[in-house]
Every structure is written in structure tokens, then in C-alpha cells.
Amino acid sequence: MIAVGALLHVKQLSRSPFEIAIALFVPVVQATLAVYLFRAGGEPDRLLEAAVGAGLMGVWSTVLFGSGGAIQNQRWQGTLEMIMLAPRSPALVLLPVTLATGITGTYAMLATLAWGRLLYGIPLDFAHPVAFPVAVAGCIAGLGMFGLLLASGFVLLRHANALANMLEYPIWLVSGMLVPVTALPGWTGPVAAVLPTTWGARAVHEAASGGPVWPALAVCLAISLACLAAGWALMTYVERRARVTATLALA
Amino acid sequence: MRTAGPTHRFPAMGEHAIEAVGLHRSYRSRTGWLRPQRREVHAVAGVDLAVGHGELFGLLGPNGAGKTTTIKLLNTLLVPTGGEARICGFDVVRQTREVRRRIGYVFGGDRGLYDRLSARDNLRYFAELYGVPGREQKRRIAELFELVRLTGRQDDRVEGYSRGMRQRLHIARGLLHRPRVLFLDEPSIGVDPVAARELRQTVADLAATGTTVLLTTHYMAEADELCGRIAVIAGGRIQALGTPAELRHHADGRRVLEVEAYGVTDGQVAAIRARPGVREVSLAVHGAAQVLGVQSDAGVDVQANVLRELGGVRLGRVTARQPTLEDAYVAIVNRAAEPAAVAGRMPA
């Protein structure tokens, strides 16, 4: 059920003209921003790191807006009520949706790297060429699980988009996707430490530019699994609350 | 948490396919930040209902009467604020999953399907969600495409479907897991007459196979043709319940005058309503024309008075006839609205 659900949601997401346009343009913009940012900072030798960071931002945006947007879209198209009406655990119903957004997020990473190579000639010399795809896959799976925790909030809120918009920039900034965590104010440290995005980003960066990949990836997956468990438990409560407050439908 | 409503008990578990006692649902809303104003709307205010196994039951009412909210309370999409309901003997609040296994829900309009997927993919996904075994899915989906006459178009994307086709696909989706109770919420809304007739045929076939159907509709002819019993709901309460023939008695002792007109004003409708012998007045728009329906006591000829009030208005055909189920429905709904209107006129 999870596999078929995720596959069909990927199909549904990837056929949206809006999503296709976003998928085509956003990676170019993000790769350009990252490259010029690092060039201006006098660190042209770290362009691969910039492209990977931009790719991670794309993955995060896809997962966040995928979880929030997909649920809001389902609310708009009247399918949220229909899927929540299924005699299944609500978390099981929504997991394929968040996994599908993670899978489409892979594209954001690949596209950003490809544009970086084509437009700016960034050499794709990964320090750990085998660990890199594993780290990206692990990071995306982790974010998909984190997405389930976010999705529980989106089910409850009729204006899920507002929450998604609010979370996009702070999370990628705090997680060190583009700017190193060490360059941020000290108080952001504890916040960053509990976010799976921080560890996922670290694992991917280490794989690209050299460093211990597996410890960071393991922490990312451990936090993500905790998010999955919390999301699973919360979803049952949230589904009940949504039926009390009547937020499954638009009106 | 359920707080309001009577504490009735059900006579016997599972005796009926659908049972509701004192069902109540209110919504609280808040407007304004500095001086917030709270409002409580009672969408369903004490509905009692018992629908037998295999029955095709109609729920009729004007917009905002509480039809959809009642259905959503019965199908577990909403939690009641009072009262109790059971489907096939299972409580809609405490035994949600048991209820969901036994019900199908179909609503009218364009929504509720994945537009960018094919009809087959839509059914495949919902078959997975409803736990239809993999080996049975293919056969069941083909069977349903046959039933709703979509064979040959099953691999087209839903976004290219007409409203009638979408509606039939909705029905197929609702039937995937062979539900014992099917909720149809205005399935023929916006559907052309030919497609609506096909839909009615599909619904009638379903009822013939023993599926319990609860149908809400605006179309009186549809309810009259399909339903064994009908409940008229207005103001969140059941105002009348019976077979179509029994409901027609609500218009006994009346006659109906129908006037085709162009440009009748609200003032003229009010003036006609105030005429002696007039019981109900309705004004419907059909294309460019208006159809004024005046129900009066059978012994009073109101035609002359009505035509006098309509002086200056261009008129078409004028006919007098016996009341229909629709006239009975108008009488019931207007009667339900009267206390509220009277209360509204009373000084504070």
C-alpha cells in the first residue's frame, strides 16, 4: 500500500504544470545564487559545496511544500476527506504522500548539480563518490519521515500553506545547508542539533567535500525515525481533532 | 467531546443499517481580534433517524439545512457534539474503523478525485487504501468500470472527464470495497439530464443488490423515483418523514397556481403571500423566465388576486394543478422556517 501510494502520488505531483515549472526554474536560481554567493565571498574553490547546499535547499523546499502543499492541495481537491475516511491508520494514509515528496525532492538535488555543471562548470568531484548518493538517499528518506511530523500540523490547520511558508527559510538557514552552522549565532546551535535536516545536510556535505559521512547520517536517520514515531502517534490525535474542528474540508 | 443531546439508547444493536438518536453538531466561529465576537451555529440540532438494511432512503432539504453535516456525522468525518449514531451496529465515534470498513461515501461536484491520474490509477489507489486484496483488485476494478459504464475510458486522465463521467467514477470509488452502506451526497448536482438518468439507474441497481443507500438531493423527482422513504430536513432537524405518498399529504387540501412571469419583485411576492387563502409562495428561475408557485387552500380561488398583484409584469402561461411532492416539500420547509421568521419579527 505504501509503495503503490507513493508511486501514484509521485505521478500526481510530477504531472502538475506548476510543479514542473517550479522544478525547472528553482534549481537554476538556487545554483546561481549559491555560486555567486561563494564567488563573492572569495571561496571559488568551494563551488561544489555551494551547489550541494543549493540542492539540499531544493530538497527541503520540496519536502516542506510537498507535505504542506500536497495536503493543502488534497484539501482543495476534496481528496483529503476521502483518504482520511479509509479504514487505515491516518499516519499510514499520509506516509506515501510525504515519501512521494521526498522522491520528487531527489530531482531538486540532481537538477541543481546538473545546472551547476552545465552553466558554471562546477566539477562534480565528490570526495566520497559512493557515499554521496547514499547520503542523499538517507537524507531524503529522513526528511520524508520528518515530513510526516509536519504533515500532522498541516492536516489540523486549514491554512497549511502559511505554516509551510513560515518554516522554509529558518530551517534551511539553521540547518547549515548553505551557510555553516558555526557561522550562525550560538543560540541556534541547540535548535540545529535536534533537526534531522542539520545532520542530513552535514552528511551530504561531508560526502561531497570530505569528512566522516556515516555518523552524521546515522544521527539524521535516528532523529528522523523519532520524528516518524512522533508523527505516527500525533497523527491519530490530529485526525480526531480535525474531525472535531471540521478542518478536513475547506468548509 | 460530546456534551449536548439526550441520552437515548438504541433499541437493538444492528437492527438498522443506520441509526441516529438526538444527533447534534454545532460549529463555533470567532471574528475580529480586538473585540472578538463568538458565534455558535447549530448545523444539526437533534436528528433522529433509523434506516433499514437494503433501504434506499432520501434526505431532502434546502441549502444549509444540515444534510451534508448529517452525512458527515454518520460517515465519521465529523464528531457529533451531541447524541449518538451507529452504522450496522457500530458507534461512529468509538468504533470509527469498523464503521469505515462498512461504508462508502460519494459526493457531488468536480472534487474528490486525483485529476492528473487515470481513472484506473484512482481506483487502484483507493483499492489499496480500503484493503481490497491485490489478487481481487484487477477484477473488481474492471467490474466497476463496467457497472458505471466507463469501460474504454479507464486509462484516460480524470481531468479530461465530463462531470457525469466523474460522478460515475466517484460511485465506482465508493463501491470498491463492497460497502454495506453507501452515502450519496447530491450525486447528480450539475449533471446533465441524460447523465443524471444513468446515475439514477446505477443507484437503483445498487439498492436492488441489497446495499443500503442514504441519498441527499435537491431534485424532488429523483427522490420520488428512487427512495422508499424520505426525510425532509430543515434548520438542522427532521421536519417530516415518510414514503413519498405519505409526504404528499402535507399538501392535502391545497391547490397550486403556477404563473410564468418575467420580472416579479420581492415586494410582489410578499403582497401575494399576504392575500387571504394563500399558504405558500415560491419563485423559481428557469432560464430567462420566473415561475411563481402559489399554494392556496383548495376552496379558495386566488388566481384573480395573484394576477392583480402581478399587474405590469409580463406574464406567460398560467396553470392550476394538484399538489405534487415538491409542493409538499415546499410546504414542510416553509412551515419549518415560520417559527424562526416569527421570532425574528418579535421585539427584543
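Predicted model: local features only at pLDDT ≥ 70, side-chain atom pairs only at ≥ 80, totals over all residues.

Colleague: Fine. How do β12(B) and β13(B) pair, and over how many bridges?

Modeller: Strand β12 (residues 278-286) and strand β13 (residues 289-297) of chain B run antiparallel to each other, with eight bridges. One facing pair is B:Leu283 and B:Leu292, the latter in β13(B).

Colleague: And what is phi doing at B:Gly287 in that hairpin?

Modeller: B:Gly287 has a positive phi near 65 degrees, in a hairpin with two residues between the strands.

Colleague: What about β9(B) and β10(B), how do they pair?

Modeller: β9(B) and β10(B) are antiparallel too, over five bridges. B:Ala231 sits opposite B:Leu241 of β10(B). That hairpin has two residues between the strands, and B:Gly235 takes a positive phi near 60 degrees there.

Colleague: Let's zoom out. Which domains is chain B divided into?

Modeller: Domain 1 covers 18-242 and domain 2 covers 248-345 of chain B. Their centres, taken over C-alpha atoms, are 33 Å apart. Nine residues from domain 1 of chain B and nine residues from domain 2 of chain B make up the contact.

Colleague: Which elements supply the domain 1 side?

Modeller: α7 (220-226), β9 (229-234) and β10 (237-242) of chain B each give at least two residues to the side of domain 1 that touches domain 2. By class, that side of domain 1 of chain B has six nonpolar, two polar and one charged residues.

Colleague: I also saw an open sheet in chain B. What's the strand order?

Modeller: The order is β2-β1-β4-β5 (chain B), four strands with antiparallel pairing. β2 (37-51) and β5 of chain B are at the edges with a single partner strand each, so one side of each has no neighbour in the sheet.

Colleague: And how many bridges between β1 and β4 of chain B?

Modeller: Five bridges, in the antiparallel sense, join strand β1 (residues 18-31) of chain B to β4(B). B:Ile18 has B:Ile87 of β4(B) as its bridge partner.

Colleague: Is B:Cys88 buried or exposed, and why?

Modeller: Buried, because B:Cys88 has 21 C-beta neighbours inside 10 Å, and the cut-off for buried is 20 or more.

Colleague: And B:Arg149, what's phi there?

Modeller: Phi of B:Arg149 is near 55 degrees, again positive in a residue other than glycine. B:Arg149 is placed in the loop between α4 (134-147) and α5 (163-175) of chain B. B:Arg149 counts as partly exposed, because 15 C-beta neighbours lie inside 10 Å.

Colleague: How far does α5 of chain A reach?

Modeller: Helix α5 (residues 90-120) of chain A has 31 residues and reaches 45 Å from its first C-alpha to its last, close to the 45 Å expected at 1.5 Å a residue. Just after α5(A) comes A:Gly121, with a positive phi of about 60 degrees.

Colleague: Last topic: how many residues of each chain are in contact across A and B?

Modeller: 23 residues of chain A are in contact with 24 residues of chain B. On the chain A side, α1 (2-14), α4 (79-84) and α10 (213-245) each supply at least two residues. The largest share comes from α1(A), with five residues.

Colleague: And what is that chain A side like by class?

Modeller: The side of chain A that touches chain B has twelve nonpolar, six polar and five charged residues.

Terms used:
Residues numbered from 1 in each chain as written. Chains lettered and ligands numbered in written order. Domains from an automatic or database assignment. Contact = placed C-beta atoms within 7 Å. Nonpolar A, V, L, I, M, F, W, Y, C, P; charged D, E, K, R; others polar. Expected span 1.5 Å × (residues − 1). Pairing = 2+ DSSP bridges. Buried ≥ 20, exposed ≤ 12 C-beta atoms within 10 Å, placed from the backbone.
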